[in-house]
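Please read the following report alongside the sequence and the structure. It turns to charged pairs, then to a surface patch, and lastly to confidence.

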Amino acid sequence: MTQFARFQSWCLGLTLPLILAAALHQSFATVSPTTTPQTTAAPHKDPERPERGNYQVTSSNGTVCLLAYMGIQLNVSFNSVSQNKTVHDVVNLKPNATKFSGSCESETAHLQLTTDGDKTNLTFVFTLNTTSSKYHLSEVTLKAFWPGVKDPISVQNSSLDYLRGTLGLSYMCREEQTLTVSQNFSINTFQVQIQPFGLKGDQFGAAEECQLDEDDMLIPIIVGAALAGLVLIVLLAYLIGRKRSHAGYQTI
């Protein structure tokens, strides 16, 4: 029984470090991606998570060629007239106040979102590689005319590689992502599901999970397997100790 007691203590000593390691792994896994440093740290309260909006683009023949369901948050640095310096602002796109349009071609698809009474125009361009049957977000353009801004905001980047998916399938990512467009502009996306190519009807195809979601699902599986293994070890130790105890009584 002394050996059994020592074995139980060893199992307990092994359990605590594993639980601590799992907790540390979870904390590192949920660290937000590195973003471009802000020009200033102007004090303001960031808005809450944006609502998810349903956006779609119809081709010339009347069929739906692009579907998007996501929450969008803009992070913009600009020159403020009133403060006479560069400030940073975070703006949520409100789906009920956002108009959407666009176009689809064989290898490109455009989604344009317009809000604030046409003062904010955000355009996404997706490109399809017909050889690999893979698509990605290749270009983002922002044009904004906001009150108090010294110069109209105009940002464009046509060399992006975000939201990568496969023809006929939708791209899905439940985790928040930051898409850096330029030094002064990035987009936070929330609970994204998008399909710019290979739609059948007006429904999403089967979803491909992003790497962030896969990592998030893997952690509980690893922790659960480790705990199950420890329970099995303790149970076997208990049965072995009990068997030895009975053998000792029979000898007596």
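## Salt bridges

The side chains of Glu209 and Arg174 meet in a salt bridge, at 3.0 Å from N to O; the term stands for a side-chain nitrogen of Lys or Arg within 4 Å of a carboxyl oxygen of Asp or Glu. Glu209 belongs to strand β13 (residues 207–209) and Arg174 to the loop between β10 (170–173) and β11 (177–182), so the pair ties together parts that are 35 residues apart in sequence. Helices (H or I, at least four residues) and strands (E, at least two) are DSSP runs, numbered from the N terminus. Glu209 is partly exposed at 27% relative accessibility, and Arg174 is partly exposed at 46%, where buried means under 20% relative accessible area, exposed over 50% and partly exposed in between, with a 1.4 Å probe and protein chains only.

The structure, which is a predicted model, holds three salt bridges. In one of them Asp118 pairs with Lys99, the closest N and O atoms being 3.0 Å apart. Asp118 lies in the loop between β5 (108–115) and β6 (120–129), while Lys99 lies in strand β4 (residues 99–104), so this pair ties together parts that are 19 residues apart in sequence. Asp118 is partly exposed, with a relative accessible area of 44%. Arg164 also forms a salt bridge, with Asp161, and here the closest N and O atoms are 3.5 Å apart; Arg164 counts as exposed at 54% relative accessibility, whereas Asp161 counts as partly exposed at 41%.

## A nonpolar patch

Leu232, Leu235, Leu236, Tyr238, Leu239 and Ile240 make a nonpolar surface patch of about 560 Å². Patches are made of residues with over 30% relative accessible area and no salt bridge, like charges being joined within 9 Å and nonpolar side chains (Val, Leu, Ile, Met, Phe, Trp, Tyr) within 5 Å; accessible areas come from the Shrake-Rupley method with a 1.4 Å probe, and for residues only the protein chains shown count as cover. Leu232 has its place in helix α2 (residues 211–251) and is partly exposed, with a relative accessible area of 48%.

## Confidence and conventions

The mean pLDDT of the chain is 81, and 70% of its residues reach 70 or more; pLDDT is the predictor's confidence in each residue, from 0 to 100. Over residues 28–44 the pLDDT stays under 50, and the model has 15 contacts (heavy atoms within 4.5 Å) beyond four places in sequence for them. The pLDDT is also below 50 over residues 215–219, a stretch with five contacts in the model beyond near neighbours in sequence.

Residues are numbered from 1 along each chain as its sequence is written, and side-chain values use heavy atoms, with hydrogens and water left out. In this predicted model, local features need pLDDT of at least 70 and side-chain atom pairs count only at pLDDT 80 or more, while totals for chains, interfaces and linings use all residues.
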